[in-house]
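Please read them with the structure open.

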Amino acid sequence: MEWIVLVASGMLEAVWATALSASKGFKKLWPSVVFVVSLVVSMAGLAFAMSRIPTGTAYAVWVGIGAVLTVLLAVVRKEERLTVARGALLALLVASVIGLKAVS
């Protein structure tokens, strides 16, 4: 159960990071609301996951999932380009997250 919550929390990290950017320094209401809500839920899920998963592993997985999804959201929104090098590095990050789960 902790791993499922951790993955969902990592996904919410991408939501709050994207909403933070869209809030334009908290000048836009709804992106700011989405940021706060998703941040609180994401942190609560991370805290719950850390009750059974070692802190370093949980944090690395949470950040890795959030980072990869944040980049992919930016690519989908045409805010960033996905080059071959960036794609390969993101794949390596995903492989590292899977590796951390495998050895935990």
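1. The largest pocket is lined by Trp3, Val7, Val61, Gly64, Ile65, Val68, Leu69, Leu93, Val94, Val97, Ile98 and Lys101. Helix 1 (2-22), helix 3 (55-76) and helix 4 (84-103) are the elements that give two or more residues to this lining. A pocket here is an open set of points on a 1 Å grid over the protein atoms alone, where a 1.4 Å probe fits, with protein on both sides within 12 Å along at least five of seven lines; lining residues have an atom within 4 Å of a point. Helices are DSSP runs (H or I, at least four residues), numbered from the N terminus.

2. This is a predicted model, with local features needing pLDDT of at least 70 and side-chain atom pairs counted only at pLDDT 80 or more, while totals for chains, interfaces and linings use all residues. Residues are numbered from 1 along each chain as its sequence is written, and side-chain values use heavy atoms, with hydrogens and water left out.

3. The lining of the largest pocket divides into ten nonpolar residues, one polar and one charged. In this scheme Ala, Val, Leu, Ile, Met, Phe, Trp, Tyr, Cys and Pro count as nonpolar, Asp, Glu, Lys and Arg as charged, and the others, Gly among them, as polar.

4. The largest nonpolar core consists of twelve residues: Leu6, Trp16, Ala19, Phe35, Leu46, Ala49, Ile53, Ala58, Val61, Trp62, Ile65 and Val97. At least two residues of this core come from each of helix 1, helix 2 and helix 3, and helix 3 gives the largest share, four residues. A nonpolar core is a set of buried Ala, Val, Leu, Ile, Met, Phe, Trp, Tyr and Cys residues joined through side-chain atoms within 4.5 Å; buried means under 20% relative accessible area (1.4 Å probe, protein chains only).

5. Where does serine 42 sit, and what is it in contact with? Serine 42 belongs to helix 2 (residues 29-49) and counts as buried because its relative accessibility is 0%. Beyond its neighbours within four places in sequence, serine 42 is in contact (heavy atoms within 4.5 Å) with Ser9, Leu12, Glu13, Trp16 and Trp62.

6. Tryptophan 62 touches Leu6, Ser9, Gly10, Glu13, Trp16, Ser42, Met43 and Leu46, residues up to four places away in sequence not being counted.

7. The buried residues of helix 1 pack against helix 2 and helix 3; among them are Leu6, Ser9, Glu13 and Trp16. Just after helix 1, lysine 24 has a positive phi of about 55°.

Definitions and conventions: Buried < 20%, exposed > 50% of the residue type's maximum accessible area, 1.4 Å probe, protein only.
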